[in-house]
Amino acid sequence: MSTELPSGPKESPPAPRPAPREVWKKGGRLLAVLLAVNVLLLACTLISGGAFNKVAVYDTDVFALLTTMLLLAMVWILFYLLGTKRCPDGVPYRDAHAGPIWLRGGLVLFGICTLVMDVFKIGYYSSFFECQSAIKILYPLTQAVFVIVQTYFLWVSAKDCVHTHLDLTRCGLMLTLTTNLAIWMAAVVDESVHQAHSHSSSHSNTSHTRLALDRDSTVGGDCSCNTAVCQIFQQGYFYLYPFNIEYSLFASTMLYVMWKNVGRLLASSTPGHSHAPAPVSLFRETFFAGPVLGLILFVVGLAVFIIYEVQVSGERGRTQQALVTYYSFNIVCLGLMTLVSLSGSVIYRFDRRAMDQHKNPTRTLDVALLMGAALGQYAISYYSIVAVVAGTPKDLLAGLNLAHALLMITQHTFQNIFIIESLHRGPPGAESHDTPPKEPCHGLTFANLDALHTLPACPPTPRLVGPSPAGPQEAASVIVAPRSHWRRRCLKDISLFLLLCNIILWIMPAFGARPHFSNTVEVDFYGYSLWAAIVNICLPFGIFYRMHAVSSLLEVYVMS
């Protein structure tokens with residue numbers, strides 16, 4: 001006798017399995033870091049050795065290594081785009097904070113300028129192809145292809161949290177990151193040697209191309225740049241080096257965030273981060289004081305920079321006048337930036353938004369880069385302070401140099417405090433947990449008007465569609481609601497002002513302003529060799545700090 005069991009409800013299909021956790025994440029990261037360190041040390045050894053006349057390392061050796069690294073990085077990027085990214089569970093999560101649009105836009109801009117630089121390099125080396133090694137034309141051509149491939153890769157994949165081929169992905173990202181750092185170092189060394197030769201030797205054709213001509217064992221005496229087209233190509237790619245340097249650093253930061261996100265598990269909705277990103281619209285909801293003052297300083301700074309470049313190479317009197325003008329503008333600009341940054345920090349003392357304590361690799365990297373890159377300018381400033389205080393004579397130029405160095409330290413400090421605190425603030429709708437609950441928008445009273453900007457449900461401006469307010473409370477909100485956003489408007493003005501000032505302070509040193517050598521106080525005190533080494537090592541970090549501060553301030557503007 002058999003009994004038939006009653007049929008129950010049909011079983012629902014099994015839920016999709018979450019991505020498996022890694023057994024030991026640090027093992028894959030350690031392998032990738034060891035690979036990156038060894039490759040980077042090899043590249044640094046060859047690049048630094050190729051910068052000295054007495055070392056038997058030629059520029060062809062450096063170009064051969066960099067070309068090999070570029071090709072390997074491109075092979076891995078193509079494998080990622082065609083293989084790893086197309087796996088069914090390859091990219092189950094995407095980090096909303098990684099690769100913001102302004103960072104990717106800056107990467108594209110610097111990438112286009114790098115492509116122009118590579119075209120200039122190809123044209124320059126092709127001018128005397130008969131006495132050059134083929135690797136000198138192959139390297140810029142390979143770099144141009146690499147820039148195109150990498151820019152597309154970072155544009156579409158910067159937010160990926162990869163869960164397939166974990167160790168291979170980590171090693172590939174570190175190899176690509178190391179390649180960008182090696183290109184950055186080669187550009188910095190080449191530009192620094194170019195600046196040193198321009199200062200210490202007469203203006204000759206061979207004095208501008210230390211890594212391009214002097215060290216090649218196959219070059220004969222008739223290999224020189226004599227034509228007008230060749231000299232245009234030569235000067236053009238040196239002026240475009242700053243964009244190549246910034247492109248490499250931007251790409252390195254984005255690759256590092258991708259490396260940190262490999263194997264990372266993200267919830268579908270993280271508390272405090274479910275808000276939709278606000279559209280980027282400059283000069284929106286500002287008092288216009290910050291943008292207008294920033295634009296004025298930007299235009300004046302461009303004029304000062306042009307005057308400085310024209311006068312600094314002339315006679316002694318004109319050089320001193322150019323230095324006085326340069327230092328005076330920088331003192332005024334740095335002083336205003338210090339006061340504005342301090343004002344922003346004071347405004348945050350009255351802000352009731354909660355601090356964002358969630359894990360965010362992008363923000364952690366931004367803070368580390370701001371603090372680390374500022375050390376370069378700190379070092380130059382402290383060396384200048386010691387030289388001015390301990391040296392002689394004490395004249396107007398020395399006083400301006402001392403004030404400039406002190407204000408540079410102060411401005412970096414207060415700007416870092418403002419930016420870091422801004423990046424750790426929650427969005428305009430996040431309130432602190434110790435803040436008492438607010439009444440709904442339709443029940444607004446004068447007691448909670450100063451916290452109106454923390455209520456996400458309240459409109460930024462009152463609605464005046466109806467014939468008349470419904471009652472005295474709504475009438476109160478109609479009258480004073482615009483005043484409740486004064487903190488937000490002030491923060492937007494501050495961020496835009498600082499953004500424009502950082503851009504002009506990036507343009508000046510990036511495009512050749514070197515008062516460190518035109519002003520003889522430090523050169524006489526430390527000697528040219530030591531002072532040139534200090535400036536050439538530390539100044540690239542100061543230049544990168546300005547552009548990275550621009551990226552961070554744009555994020556502060558959007559989140560204010």
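## Close-up views of a predicted model

**View 1. Arg 170, a buried residue in a helix.** Arg 170 is buried, and its relative accessible area is 0%. Please keep in mind as you look around that this is a predicted model. Arg 170 belongs to helix 5, which covers residues 166-200. Its side chain reaches the backbone oxygen of Val 262, at 3.2 Å.

**View 2. The whole protein, for orientation.** Stepping back, you will find 17 helices and 2 strands in the protein. Of its 560 residues, 52% are buried. Among the contacts with a separation of 6 or more, 87% are between residues 24 or more positions apart. The protein exposes about 26,600 Å², and carbon and sulfur atoms supply 68% of that area.

**View 3. Helix 14, from end to end.** Helix 14 runs through residues 486-510. After the helix comes Gly 512, which has a positive phi, near 110°.

View 4. A disulfide is a covalent bond between the sulfur atoms of two cysteines. Searching the whole structure turns up 0 disulfides. For Cys 333, the closest cysteine sulfur is in Cys 501, at 4.0 Å, which is too far for a bond; a disulfide would need the sulfur atoms within 2.5 Å. Cys 333 is buried, with 0% relative accessible area. Elsewhere, Cys 538 also counts as buried, at 13% relative accessibility.

**View 5. Phe 243 and Phe 511, an edge-to-face pair.** The whole structure holds 25 aromatic pairs. In this one, the ring centres of Phe 243 and Phe 511 are 5.4 Å apart and the planes meet at 65°, so the pair is edge-to-face. Phe 243 sits in helix 8 (residues 241-261) and Phe 511 in the loop between helix 14 and helix 15, so the pair ties together parts 268 residues apart in sequence. Phe 243 counts as buried, at 15% relative accessibility. Ring pairs also link Phe 243 and Phe 511 with Phe 110, Phe 250 and Trp 506 into a cluster.

**View 6. Tyr 326 and Tyr 327, another aromatic pair.** Tyr 326 and Tyr 327 form an edge-to-face pair, with 6.0 Å from centre to centre and 75° between the planes. Both tyrosines, Tyr 326 and Tyr 327, are buried.

How values were computed
Residues are numbered from 1 along each chain as its sequence is written. This is a predicted model: local features need pLDDT of at least 70, side-chain atom pairs count only at pLDDT 80 or more; totals for chains, interfaces and linings use all residues. Side-chain values use heavy atoms; hydrogens and water are left out. Helices (H or I, at least four residues) and strands (E, at least two) are DSSP runs, numbered from the N terminus. The expected span of a helix is 1.5 Å times one less than its number of residues. Buried means under 20% relative accessible area, exposed over 50%, partly exposed in between (1.4 Å probe, protein chains only). Contact means heavy atoms within 4.5 Å. Accessible areas come from the Shrake-Rupley method with a 1.4 Å probe; for residues, only the protein chains shown count as cover. A polar contact is a pair of N or O atoms within 3.5 Å; within protein, one must be able to donate a hydrogen and the other to accept it, and residues adjacent in sequence count only if both atoms are side-chain atoms. Rings of Phe, Tyr and Trp (its six-membered ring) pair if their centres lie within 6.5 Å; planes under 30 degrees apart count as stacked, over 60 as edge-to-face and the rest as tilted.
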